[in-house]
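Work through the exercises below with the model open beside you. Try each task before reading its solution.

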Amino acid sequence: MSAIVKRWLPWVLKGGISLGLISWVLSKIDPAAAWDQAKGMDIGLLLLAVGLMVAQILLGAVRWALVLRALSAPFHWVQTFSVYYIGVFFSIVLPGAVGGDAVRMWFARRNGLTLTTAVNSVALERAVTVFALVLLVCLSEPVLVMRLPDLPGIWVFPALLAVCVLGILTLAALDRLPQRWLRWRVMRALAVLAEDTRKLFFHPGFSLGTIVVALVGHANLSLVVYCLAVGLGLNVHVLDCLVLVPPVILIMTLPISIAGWGVRETAMVTAFSFVGLPASSTLVLSILFGMVSMLTALPGGLVFLMAGGRKMSEEELAAEAAENR
C-alpha cells in the first residue's frame, strides 16, 4: 500500500462515516421545518454562545499550560495559547491528514520544547481532558437518574471511570518494567512518559488544578448548547444540558468521524430525545454547535500563518517526498 493511500484512507473512511450518519439523521426529520427553526435563532444568544466558545479555547490553553508547568516545561503563556489555538484550528476546521495534536507537537518543538516534552504534554493533556469528562458524567449521573429514571446503561460510565483510573496507574508504572526492555526506543519513551504521568497526576497541586479547569471546560460546553437551545426556542432546562451534553462530547472523542460531524448529531438526537426534544430541533441545535465551534476556531488559521505555518507545510512535503523515494 502506497504512503499516500495509507495517509488518506483513514480520513476517507471517517468522512464516509460522518456523511452516512448525517444522512441517516436527515432522513428522520423534516428539512423545511428544521430550516424555519434555524432562521428564528435569537442573535443575542448566538453571540453569547460564540463568546463562551472563545472562552473554551482559553480554558483549553490554560489546561495545557498547567500540564506544561507540571513537566517544568519553559513555555511562555503567549506561546502556549498560540500553539494550542493552531491545534484547535487543525482539529476542527482542517481535520485532514495532519491532526491538530500533531501540529501542536510540531509547533511546541519548534518553539523550544524537547520532542519528548512536546509529545508527552499533549498526550497527558488529552488524558486529563478525557478523565475529567468521564468524571463529570459520573458526578452528574445522580441528577441524570433523577430526571430520567428509566435510562438504560447507567453502569457504563462508572465502569469507564474505573478503566481510566486503572489506565493512569498503569501508565505511571511503565518505567518499573524490566531494565532489559529499555534497550528498545519505544520502551524508553514510555518510561519517560511514566515519569511525566506521575509528575502530573501524583502531585495534587498540579492534578487537581488541571482537572478542575477541564471540568469547567466541559460544563462550559454544556452552557454553549443551552444558550443555542434557548435561542432556538427549545423547551430544555439547563440541567438537561449539563447532564446530557458531557456524554455526547465523550462519544465525540471516538476517532471515527471528521471533527465529530455525524457522530455528534446522532448522539445529540438520541440523548435529547429522552427529554422530549424532536429530532429536527436537536439536529439544528447540533449543527449550530458545530458551526459555532468552526467559527471560533477559524482565527487559529491566521495564528498558524503568522507563526510560520508555511514552513511546516514545506517540511511536511519534503518528508513525504523522501518517504516516497
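**Exercise 1.** Which residue forms a salt bridge with Arg198, and how many Å apart are the closest N and O atoms?

*Solution.* Keep in mind that this is a predicted model.
- Step 1: Find the partner. Arg198 pairs with Asp175.
- Step 2: Read the distance. The closest N and O atoms are 2.8 Å apart.
- Step 3: Arg198 sits in helix H8 (residues 185-201), while Asp175 is in the loop between helix H7 (156-172) and H8. The two are 23 residues apart, so the pair links distant parts of the chain.
- Step 4: Decide whether Arg198 is buried. The cut-off is under 20% relative accessible area. Arg198 has 19%, so Arg198 is buried.

**Exercise 2.** Find the salt bridges that Glu125 forms with Arg63 and with Arg104. State which parts each pair ties together.

*Solution.* 
- Step 1: Take Arg63. Its closest N and O atoms with Glu125 are 2.7 Å apart. Glu125 lies in helix H6 and Arg63 in helix H3, so this pair ties together parts 62 residues apart in sequence.
- Step 2: Take Arg104. Here the closest N and O atoms are 3.0 Å apart. Arg104 belongs to helix H5 and Glu125 to helix H6, so the pair ties together parts 21 residues apart in sequence.
- Step 3: Check burial. Glu125 and Arg63 are buried. Arg104 is buried too.
- Step 4: Widen the view. Arg63, Asp101, Arg104, Glu125 and Arg126 are linked in a network of salt bridges. The count for the model comes to 8 salt bridges.

**Exercise 3.** Which element gives the most to the lining of the second largest pocket?

*Solution.* 
- Step 1: Give the volume. The second largest pocket has about 280 Å³.
- Step 2: List the elements. H6, H10 and helix H11 (263-273) each give two or more residues to its lining.
- Step 3: Pick the answer. H10 gives the most, with 5 residues.
- Step 4: Look at the lining. Of its 16 residues, Leu151, Phe157, Pro247, Ala271 and Phe274 lie nearest the centre. By class there are 13 nonpolar, 2 polar and 1 charged.

How values were computed
Residues numbered from 1 in each chain as written. Predicted model: local features only at pLDDT ≥ 70, side-chain atom pairs only at ≥ 80, totals over all residues. Heavy atoms only, no water. 1 Å grid on protein atoms, 1.4 Å probe; cavity = no way out; pocket = protein on both sides within 12 Å on 5 of 7 lines; lining within 4 Å. Points joined across faces, edges and corners; volume = space filled by probe spheres on them. Helix = DSSP H or I, 4+ residues; strand = E, 2+ residues; numbered from the N terminus. Nonpolar A, V, L, I, M, F, W, Y, C, P; charged D, E, K, R; others polar. Salt bridge = Lys/Arg side-chain N within 4 Å of Asp/Glu carboxyl O. Buried < 20%, exposed > 50% of the residue type's maximum accessible area, 1.4 Å probe, protein only.
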